[in-house]
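Have the sequence and the model open as you read.

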Amino acid sequence: MKISELKERKTVRRATRNFDLEGNRIYNEFEYDLPFKADFSDSEKRREWAKIIDLIPFFLIFLFIFKLAPILSFLFSIPPVIILGSITETVWGTTFGKKIFRMIVIDDFGNFPNFSTSLKRNFLCLSNFYPSFS
C-alpha cells in the first residue's frame, strides 16, 4: 500500500440539544476516513536550512582553498551539493543537513529514492530559493 493511500479514522462527537431520562446530554458520533497526513509543519523552512547546511562546506572550500570570490564560490558549490545530495539520499536516505533536522527522503512505498529521482528532486530544490515558489 502506498503512503499516499493511507487513511486515518477520526471520530467526532457532537452534542445535541436532547437529554436522556437521567439528564445526560445525548451525543451524535460521526466517523470519517481522512487521508493520513505524511508531511509535517514548517517543513519548507527546514528543507531550506538543510540545503544551506549542505552547501556551507563546499562554499568554504571554494572560498578559502581555491580563493574564489564569494559569489563564484556560491555558484560553484551548487553542482557538488546536488550531486552529493543525490548520492547520499540514494544510499542513506538523507544528507548531512537533513540528518541534523531528522528528515529522511522516501518514496510513496517507504523506500529511498533511486539516483535519477533524487537528482531530479535536488535540481528542483533550487526553486525553493525563488521567493514566489516558497
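Q: Which residues beyond four places in sequence is Glu-89 in contact with?
A: The model is predicted. Neighbours within four places in sequence are left aside. What remains is Thr-94, Thr-95, Lys-98, Val-105, Phe-112, Pro-113, Ser-118, Arg-121 and Asn-122.

Q: Is Glu-89 buried or exposed?
A: Glu-89 sits in helix α2, residues 70–91. Buried means under 20% relative accessible area. Glu-89 has 0% relative accessibility, so it counts as buried.

Q: Which side chain makes a polar contact of 2.8 Å with that of Glu-89?
A: The side chain of Glu-89 has a polar contact of 3.1 Å with that of Arg-121. The 2.8 Å contact is with the side chain of Lys-98.

Q: Which helices do the buried residues of α2 pack against?
A: The buried residues of α2 include Ser-73, Ile-78, Val-81 and Glu-89. The buried residues of this helix pack against α1, α3 (96–100) and α4 (115–124).

Q: How far does α2 reach from its first C-alpha to its last?
A: α2 has 22 residues. At 1.5 Å a residue, 32 Å is expected. The helix comes close to that, at 31 Å.

How values were computed:
Residues numbered from 1 in each chain as written. Predicted model: local features only at pLDDT ≥ 70, side-chain atom pairs only at ≥ 80, totals over all residues. Heavy atoms only, no water. Helix = DSSP H or I, 4+ residues; strand = E, 2+ residues; numbered from the N terminus. Buried < 20%, exposed > 50% of the residue type's maximum accessible area, 1.4 Å probe, protein only. Polar contact = N/O pair within 3.5 Å; in protein donor to acceptor, adjacent residues only side chain to side chain. Contact = heavy atoms within 4.5 Å. Expected span 1.5 Å × (residues − 1).
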